[in-house]
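Have a look and see whether you read them the way I do.

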Amino acid sequence: MSNSQPLDLRLPTPGCFADPERSGIDANAVFDGMTEHLFFTIGKLAPTASLHDLYMALSYAVRDRLMTRYLASQEAIRARPQKTVAYLSAEFLIGPQLNSNLLNLGIQKEAAEALKRFGIETLNDILEVEEEPGLGNGGLGRLAACYMESLATLQVPAIGYGIRYEFGIFNQVIRDGWQVEVTDKWLKGGWPWELPQPDESCIVGFGGHTENYIDEKGKYRSRWVPAEQAIGVPHDVPVLGYRVNTCDRLRLWRADATESFDFYAFNIGDYYGAVEEKVGSETLSKVLYPNDGTAEGRRLRLKQQHFFVSCSLQDMLRSLKNREIPIKDFPLHWSVQLNDTHPAIAVAELMRLLLDDHRLEWEEAWEITSKSVAYTNHTLLPEALEKWDLSLFGNLLPRHLEIIYEINRRFLQQIRVKYPGNDLILRKLSIIDEEGGKSIRMAHLATIGAHHVNGVAALHSDLIKRQLLPEFAQLWPEKFTNVTNGVTPRRWVALSNPEMSSLFDKNIGVDWTTNMELLSKLEEYENDSNFLEEFRTTKLTAKRKLAAYIHKQIGTLVDPSSMFDVQVKRIHQYKRQHLNALQIIAQYLRIKNGNSQGMVPRTVIFGGKAAPGYYMAKLMIRFVNGIAEMVNGDPDMQGLLRVIFLPDYNVKLGEQVYPASDLSEQISTAGKEASGTGNMKFAMNGALTIGTLDGANVEIRQRVGEENFFLFGKTESELMQLRKDGYNPKDFIKGSPELAEVLRLVEIGHFSNGDTELFRPLINNLKGKDPYFVMADFSDYLRAQDHVSSAWANRSEWNRMSLLNTARSGFFSSDRAISEYCKFIWNVNPLPVEITCDVN
């Protein structure tokens, strides 16, 4: 395997990690591994094996080859103790694992050759069988997955802690234009990549009460007496780095009941009661993001967060005990990163474990906690900054509430000294929000308890300091920093765009996959017509694949030579899929009115899921599908305009979409998107961006060049002023006859089969408050889209601009981001893993 580190089986070491029969990486070894697992693990003979059987057999054979690295990586940290990154995240959207592991091992060709001996013509026939792991939803979870892969590639010891969701979020089906949520049974066929570790389970409590007592040393103590408990069973998922021996892991917790079956209840006929505790406990790891529109839903969310955080921290503390490392050295061995506010309860839980279980004094416990925890903020939206009702929190976690009160009391005492007599700043900084019903501000808890707080794009980090947490930033300026997000080039270029990757390998060498700055060498070819034609051909190949997928899945034919204009992301008003939809209607009207001069053939592609309880987002999906039905059925649109909504958008589908995209729609309201990562994947794959100055768009534009980016829209400061001046969207509608006509067409039911009420909530929202300034940005957006059409008309120039987007995207690698975390926040160093074995 090229660029791989050879396994040294000769040097003696305590413990042998390399079974020669299961470490081979040639086609014969892979074939033998598959044959063995078909027979002994799956219980099938090759002639009767299904595609799923072969997928499982190949996956087990590949997992065998991971185990050498997986166990050696764990042994390395035991033999040479150093700090490990503990990445706490409510979701890890890791995507399919087989092809990623084949790529990182360097054995894709060998696996394809082995499969041919089973009568399978292409590796893709097997890859299509693999289910998408239901462990995440959107950008937050995908970022966590990219970061774990980069940590392993950079040979940094790390564990990603989360929940093993049985059903994930949901599968999206489109019926009559509406999103319908269907249970995601991703585990139904078995998942070969996990390693259950039941002997390392943890017990987590909920509810109950606290007691005060005097310990054996005469010290006043508190203890928690929970009313109920659940068991967290860890399932480890190996995370292999690219062509290195380092194999980190995800540790995902599954919830079990402490007593799963009540014989007495069963024997007296109470059959539900016999398993009631089991059902209640296991609910904790059933579904990602249960609907928080009900009191029970909010309670379940808080229980989930405490469940996985408590298990994870207990696991870290246990690892110190097993290695005979003093508890006071926790910060030297663990850097605990909170991926947004979901795991922010870690501040209070680590304090509880240190105070109550390990009997430390407050000052020492707080020093350990504040030196260990760092917090990444991912949002400026108030509704996404978690706050928990005080009564709910106290009922579920009474001891944690006591600890938070004490953290808050000590913190506010410092503030009183610094700002004597300033009650306003006390109210602003307090962890307890006194407005309305009292609640706990989890972002404040995380900020107070963390040694660093970072945003995820330069603009976002600036807004955190200026708007979100300005008083905290003034108090602790040294805490606040920025680490712009990044994405892994292994999955999002090498894996998903093999034709383009091969072109790069041939012309600039293979090292760009681990040093993305080398892509800058591509600029040497910006005026090379032969290279640009090859580059265009790789894009066309990807577009043909996506066109075939679209026809197969939804029955609509699209022209691969048309511009693929793509917006794929979570459906939300601030991401403004409805702005895109409205400009489609404007283009539709131009064609109908005979004003299509300057237009170019476009296929506008949407994809993304709406939260089940988010009605307006679901209505936006219906709106897009209503437009698609009208546009795609109108002969006048033939050859000029097509609209597609891709159902059930996920990582697997993203691997087809990003390489095939010509135009990347990054049109969120300025100041609302923290960073975005889809924008980076598009740019790496040669798509040009149309976007606002929001999130990482700002840095993408700076990197790729203003002339290679289609900018539109008001800036964050302009929108603030507009709001301050009393924003009235009707002023912008009056100033744009084209916009007024677009809205009128929607109001008369043109895209809803004559139903004038269906989209009324959407139109009323836009004409009323228009909280995300769709009307204010519409005309400039349409101007930018006209600029896009003009640019597309000159295809050789477009290809050059496309190449420059890719060549200048190296900064947005997750390797760069992780290197910054390691250097500036975690203070963690690589730990190269050597695999040795005494075979004598």
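Is Lys219 buried, partly exposed or exposed? Partly exposed: its relative accessibility comes out at 38%. Keep in mind that this is a predicted model.

1. Start with the partner of Lys219. Its side chain meets that of Glu361 in a salt bridge, at 3.8 Å from N to O. The two sit 142 residues apart, with Glu361 in the loop between helix 13 (346–357) and helix 14 (362–372) and Lys219 in the loop between strand 7 (209–214) and strand 8 (220–225). Glu361 is partly exposed as well, at 36% relative accessibility.

2. Next, look at Glu166 and Lys286, whose side chains form a salt bridge of 2.6 Å, N to O. Glu166 belongs to the loop between strand 2 (158–163) and strand 3 (171–175), and Lys286 to the loop between helix 10 (276–282) and helix 11 (295–322), so this pair ties together parts 120 residues apart in sequence. Glu166 is partly exposed at 28%, and Lys286 is partly exposed at 22%. Buried would need under 20%.

3. Then there is Glu131 with Lys188, a salt bridge at 2.8 Å, N to O. Lys188 is exposed at 61%, whereas Glu131 is partly exposed at 36%.

4. Finally, the wider picture. The structure holds 58 salt bridges. Shared partners join Glu200, Asp236, Arg249, Arg251, Asp315 and Arg318 into one network.

Technical notes:
Residues are numbered from 1 along each chain as its sequence is written. This is a predicted model: local features need pLDDT of at least 70, side-chain atom pairs count only at pLDDT 80 or more; totals for chains, interfaces and linings use all residues. Side-chain values use heavy atoms; hydrogens and water are left out. A salt bridge is a side-chain nitrogen of Lys or Arg within 4 Å of a carboxyl oxygen of Asp or Glu. Buried means under 20% relative accessible area, exposed over 50%, partly exposed in between (1.4 Å probe, protein chains only). Helices (H or I, at least four residues) and strands (E, at least two) are DSSP runs, numbered from the N terminus.
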